[in-house]
Amino acid sequence: MKRTIANNAPAAIGPYVHATEANSIIFTSGQIGLNPQDGKLTEGIEGQTKQTLENLKNILESANSDFEHVLKATIYLDDLANFSKVNNIYKDYFNGEFSARSAAEVSKLPMGAKVEIELIAEAK
């Protein structure tokens, strides 16, 4: 049985939901650094990375999970030169309990974002 997860993350900018859960596994949609209050993209790679991870944190909490239960992360960057800047922020959300992860540079992201992250996690 599939369950749809919605919360106070920014409204979807397309025909998708924030996350779905099946058999206690949570699949988030890719999130970018949109501020949930005004729907605007946060400035700069560091600001967008923090906001993206905060959005994901809220989604995971709505699904009865957290970063300690993330199994796999996928990070899309508009410029791989920002890889270390993203890593410096990303690591703080995982408290040393890292998951499997992939990262790739892509030519464009929605709304001109610099970073997009999607997660697969287990429910607590």
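Which residues does Gly 39 touch, not counting residues up to four places away in sequence?

Modeller: Gly 39 touches Leu 34 and Met 111 when residues up to four places away in sequence are set aside, contact meaning heavy atoms within 4.5 Å. This is a predicted model, in which local features need pLDDT of at least 70 and side-chain atom pairs count only at pLDDT 80 or more, while totals for chains, interfaces and linings use all residues. Residues are numbered from 1 along each chain as its sequence is written, and side-chain values use heavy atoms, with hydrogens and water left out.

Gly 39 itself lies in the loop between β3 (25-28) and α1; helices (H or I, at least four residues) and strands (E, at least two) are DSSP runs, numbered from the N terminus. Its relative accessible area is 34%, so Gly 39 is partly exposed; buried means under 20%, exposed over 50%, and partly exposed in between (1.4 Å probe, protein chains only). Ala 9 is 30 residues from Gly 39 along the chain, yet their C-alpha atoms are separated by 9.5 Å.

An α-helix has 3.6 residues a turn, so residues three or four places apart point the same way. Just after α1, Asn 64 takes a positive phi of about 60°.

Strand β4 (residues 70-77) holds Thr 74, which is buried because its relative accessible area is 14%. Leaving aside neighbours within four places in sequence, Thr 74 is in contact with Ser 102, Glu 116, Ile 117 and Glu 118.

As for the whole, the chain has 2 helices and 6 strands, which follow the pattern β-β-β-α-β-α-β-β along the sequence. Of its 124 residues, 39% count as buried. Among contacts with a separation of 6 or more, 69% come from residues 24 or more positions apart. The C-alpha atoms fill a box of roughly 40 × 30 × 25 Å along the principal axes.
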